[in-house]
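Please keep the sequence and the structure open beside them.

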Amino acid sequence: MTTVVGDPEHFVDEALAGLCAVHADLVRRVDGGVVRAHPLAEGHVAVVIGGGSGHYPAFAGLVGEGLAAGAVCGNIFASPSARQAVDVISEVEAGAGVLLSYGNYAGDVLHFGEAVQRLSTMGIEVRTVLVTDDIASAPASQAGQRRGIAGDLVVFKIAGAAAERGADLDSVERLAQAANARTRTLGIAFGGCTLPGASEPLFRVAEGMMSIGLGIHGEPAITDVPLADVDGIADALIGPLLDERPDGADDRVVPLLNSLGSIGDEELFVLYNAVARRLEAHGVRIMEPECGRLVTSLDMSGVSLTLFWPDDELAGLWTDAAHTPAYRKPGALRGAVGGRGSRSSRPRVHSAQSPSGPLADASPSSIMRATVVVEVLTTIRDELMAAEDELGRLDQVAGDGDHGIGMTRGSTAAVEAATAATTSGASAALQAAAEAWSDRAGGTSGALWGAILRSLAPLVEHGSLSTMLDDAARAAVSAVSDLGGAVVGDKTMLDSMVPWRDAILASTGGSAAATLHTAADAAASAAASTSALTPQRGRARPLAERSLGHADPGAQSFALIAAALARLASSTEGHPSS
Ligand code: ADP
Ligand code: MG
């Protein structure tokens with residue numbers, strides 16, 4: 001349980017404000033996250049990290065000299081939005097490009113990927129290195145699909161040290177990739193974690209058991225075995241990690257023993273002894289270990305062990321000094337600090353994404369259409385609010401349980417943004433709604449629903465519902481498949497969207513409402529059929545088997561929205577809704 005919560009809605013904001021107040025000499029709050037208090041010297045690569053909150057010291061606590069220039073901070077366990085990443089990155093970049101590094105999670109990949117595209121149109125070059133250290137999340141043959149957990153710290157530290165030394169963007173990227181390729185982690189959970197304000201944990205570990213392969217978002221682990229003593233825990237961690245010793249590793253290893261939240265330092269030290277004895281028995285030389293809370297999962301009871309096998313170049317970077325709120329290595333820093341105000345001479349890059357000034361008023365007909373946009377979005381929001389618990393439960397089966405809350409947050413923000421932008425016309429209102437949905441919902445589905453609304457914006461200024469329906473259905477499906485890269489059968493929202501689109505394209509004659517009802521029926525039965533599938537995409541993939549027998553949350557929420565749209569069309573056509 002989280003005891004000190006305040007308003008759960010503002011938990012992350014307040015935690016970040018507190019962090020920046022305590023460490024005002026090191027970090028400062030900006031829109032989207034946290035940046036160094038003293039800007040980077042001109043001509044240095046900026047290392048930017050990020051992800052959901054709830055993992056402190058990842059990510060905000062790792063901002064400082066010798067490590068990250070900034071951290072993009074999402075909501076608890078939810079990826080930050082593209083807008084947040086654009087804001088943080090444009091704040092810190094210092095003319096030599098940006099190395100963006102984060103754990104490999106679908107939502108983060110979508111939002112950060114979109115941010116990288118936007119930044120490139122602003123003239124900022126960003127290279128991405130995904131952290132993929134968790135050996136429990138995919139087999140070695142699919143190492144690129146693995147999630148990032150405590151190995152984050154290794155990759156961030158190496159990139160940060162290289163940037164601090166003045167390495168160029170190519171070198172920082174190469175070194176970060178090399179660090180990731182030589183880093184492996186395995187975790188064990190003894191007890192679940194609880195979201196701030198929630199009364200029940202996200203998951204539980206059965207009494208007398210331990211769960212091997214835990215994720216850091218409360219994703220259930222891969223196998224449950226009887227709770228072992230210290231030696232048994234050390235064996236369970238070390239065995240699989242040594243089996244995956246990377247090619248080219250010599251006898252040096254950096255062990256990082258991490259508490260996921262509630263395991264205290266002294267307990268960790270006890271476990272560390274058992275780990276170190278085993279490593280030495282294997283003829284391995286231990287170098288500059290770490291032991292403590294490195295990448296956590298709220299108050300989860302659990303540990304993870306990371307083994308980083310450096311070569312000479314990486315070993316040198318690992319020992320370099322760093323000074324951040326949560327991570328300090330002694331030694332002289334190499335001086336990538338510009339000093340206060342040093343950047344004032346450089347023209348600031350402005351985010352073109354958040355329209356700040358008032359937009360010109362649109363034509364009366366466009367304003368009329370904007371009110372229809374608001375009405376449609378309101379219908380969607382009401383439907384999603386009513387289904388919030390059901391969607392959350394579905395997502396808890398093999399995902400992280402946030403689909404209901406994410407869809408409610410996103411659609412609520414979309415209604416507010418579209419309402420505020422009504423006088424700018426239908427297309428602008430939909431653009432504003434798209435941005436707001438993606439920004440407030442976070443997560444994979446937030447990015448995808450942002451893309452759906454954005455794809456519809458050019459279509460809503462002309463024509464009637466029946467003439468625009470085909471184009472809208474095509475655009476929505478393309479937006480999701482282009483951004484997410486999934487295909488039908490992967491167990492995603494596309495599984496109900498594609499039959500919905502096809503039903504619309506196949507309909508001849510009849511009213512728009514009738515077409516939408518037929519399409520909604522197709523979406524509903526397709527969503528139900530996803531329970532027979534195993535997920536190939538997104539957070540649920542590592543736990544594919546658990547998902548069998550349950551519908552995909554995103555496919556189900558789309559089907560609910562399709563039904564609500566059909567009812568709205570009937571009521572506006574004056575037909576009885578069914
Ligand atoms: P997250 O997975 O980031 O927690 P949500 O829980 O809000 O985000 O949404 C999960 C849903 O997103 C899944 O049920 C699935 O329908 C959809 N999804 C995940 N990845 C993709 C993808 N690549 N393409 C299309 N839909 C996806
Ligand atoms: Mg989810």
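1. Helix α10 (residues 388-398) and helix α18 (residues 553-573) pack with their axes 9 Å apart and at an angle of about 160 degrees, which makes α10 roughly antiparallel to α18 (angles over 145 degrees count as such; axes are lines fitted to C-alpha atoms over the stretch in contact, with angles running from 0 to 180 degrees between N-to-C directions). Helices here are DSSP runs of H or I with at least four residues, strands runs of E with at least two.

2. In this packing, Glu390, Leu391, Leu394 and Asp395 of α10 meet Pro553, Gln556, Ser557 and Leu560 of α18, where contact means heavy atoms within 4.5 Å.

3. The model is predicted, so local features need pLDDT of at least 70 and side-chain atom pairs count only at pLDDT 80 or more, whereas totals for chains, interfaces and linings use all residues. Residues are numbered from 1 along each chain as its sequence is written, chains are lettered from A and ligands numbered from 1 in the order in which they are written, and side-chain values use heavy atoms, with hydrogens and water left out.

4. Pro57 sits in the loop between β3 (46-53) and β4 (70-76) and is buried, with a relative accessible area of 4% (buried means under 20%, with a 1.4 Å probe and protein chains only). Leaving aside neighbours within four places in sequence, Pro57 is in contact with Leu62, Arg293, Leu294, Val295 and Ala326, and its C-alpha atom is separated by 9.8 Å from that of Thr324, 267 residues apart along the chain.

Definitions and conventions
Buried means under 20% relative accessible area, exposed over 50%, partly exposed in between (1.4 Å probe, protein chains only). Angles under 35 degrees count as roughly parallel, over 145 as roughly antiparallel, 65 to 115 as roughly perpendicular and the rest as oblique.
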